[in-house]
Amino acid sequence: MCNKETITSTGRKMMISENILFGMGNPLLDISAVVDKDFLDKFGLKPNDQILAEDKHKALFAEIVKRNKVEYHAGGSTQNSVKIAQWMIQKPHKVATFFGCIGTDRFGEILKKKAEEAHVDARYYEQNEEPTGTCAACITGDNRSLVANLAAANCYKKEKHLDLDSNWELVEKAKVYYIAGFFLTVSPESILKVAKHASDNNKIFCMNLSAPFISQFFKEPLMKVMPYVDILFGNETEAATFAKEQGFETDDIAEIARKTQNLPKENTRRQRVVVFTQGKDDTVATVDDQVTMFPVVDIDQNDIVDTNGAGDAFVGGFLSALVQEQPLEECIRAGHYAANVIIKRVGCTFPEKPNFH
């Protein structure tokens, strides 16, 4: 929020048009089930983690479906966030566009149906070489270990989809862009094309650190995109890993936020905003040259059903206020509200209407 031009204006409500929000990422079908410690140990999983499936995890997907009462939900981090933004806004439908790659199979059909039900304008790149991606959410108590088998999601091709005129027009139509860091493992060149478009046209490009492994093993593509990032999201674990990888030499989250804000930036008309969530602790955000703490909504720990999707929901709520040009405090309040609703339910699901004022 610099004095030249604020990221958001002072809360006047603007007309929301279709396709004003653009998201691109890995569309995955979430398969969530409650498991036990033996299951985690068998596949070498930590109780609370996010990893990409390796060969040793292939059997996990077959086993989780067989052994437990399973729920299927349209997922993938970015798709979750734009879906929640749409839910918060309600009308018009198709506020958000979503790009990603799926397979021509039953899971792909489920994803299409779920996106349509959520009123998201999903334009998938469909191919038949790889099946639709899945993400196993292995739930133990309040913890969830996510194992993503990207499969088709890994096959997104810039020149076969993003570069097509009919698709690029939808990119141009948007004013706010959001891509989770997970997509850096798939198509960094697609992210850069969108990020540069946003920067050149003084639109808002948002990104998420997504998981510790992104900052560790995809540092180069992450730092190529960073100069174009207007709003960066992450949680306390991701922030700490990012700081370590960047040699910030601090584990103070406010200091990490400040140092991240000050990394080089292309579009100097917008000062970068950094937002780090910390579960039940205060959310940390850079406001102008200050770092401010925003308390989350109080919740009885017994009401927490599933923290899977809390981070995605926070971003979705935030984006719903951002596209309406609300000030940062309001964006964070909307994010906290959405996350609070989501953690009381299984998976990244929500009631019919929000009760947010």
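Three bridges join strand β12 (residues 273–278) to strand β13, and the two run antiparallel; strands pair if DSSP finds at least two bridges between them. Helices (H or I, at least four residues) and strands (E, at least two) are DSSP runs numbered from the N terminus. The model is predicted, so that local features need pLDDT of at least 70 and side-chain atom pairs count only at pLDDT 80 or more, while totals for chains, interfaces and linings use all residues. Residues are numbered from 1 along each chain as its sequence is written, and side-chain values use heavy atoms, with hydrogens and water left out.

On β13 (residues 281–287), five of the seven residues are buried, where buried means under 20% relative accessible area, exposed over 50% and partly exposed in between (1.4 Å probe, protein chains only). Five bridges link β13 to strand β14 (residues 290–294) in the antiparallel sense, with Thr 286 opposite Val 291 in β14. The hairpin of β13 and β14 also has two residues between the strands; in this hairpin, Asp 288 has a positive phi near 55 degrees.

These strands belong to an open sheet of nine strands with mixed pairing, in the order β6-β5-β1-β9-β10-β11-β12-β13-β14. Strands β6 (121–127) and β14 stand at the edges with a single partner strand each, so one side of each is left without a neighbour in the sheet. On average, neighbouring strands of this sheet are turned by 20 degrees against each other, direction ignored. Axes are lines fitted to C-alpha atoms, for helices over the stretch in contact, and angles run from 0 to 180 degrees between N-to-C directions. Strand β10 (residues 204–208) runs parallel to strand β11 (residues 231–235), joined by three bridges, and Cys 206 has Ile 231 in β11 as its bridge partner. Helix α4 (residues 106–117) packs on the sheet and touches β5 (96–103) and β6, contact meaning heavy atoms within 4.5 Å. The direction of α4 makes about 170 degrees with that of β6.

A further open sheet has five strands in the order β3-β8-β7-β2-β4, again with mixed pairing. Its edge strands are β3 (49–52) and β4 (71–75), each of which pairs on one side only. Strand β2 (residues 28–34) and β4 are antiparallel over five bridges, and Leu 28 is opposite Gly 75 in β4. Helix α3 lies across β2 and β4 at about 85 degrees to β4. Helix α4 packs on this sheet, touching β2, β4 and β7 (133–140), and its direction makes about 65 degrees with that of β4.

Helix α3 (residues 77–89) also packs with helix α12 (residues 310–322), at an angle of about 45 degrees and with the axes 7 Å apart. The helices α3 and α12 are therefore oblique to each other; angles under 35 degrees count as roughly parallel, over 145 as roughly antiparallel, 65 to 115 as roughly perpendicular and the rest as oblique. Residues of α3 in this contact include Ile 84, Ala 85 and Met 88, and those of α12 include Ala 313, Val 315 and Leu 319.
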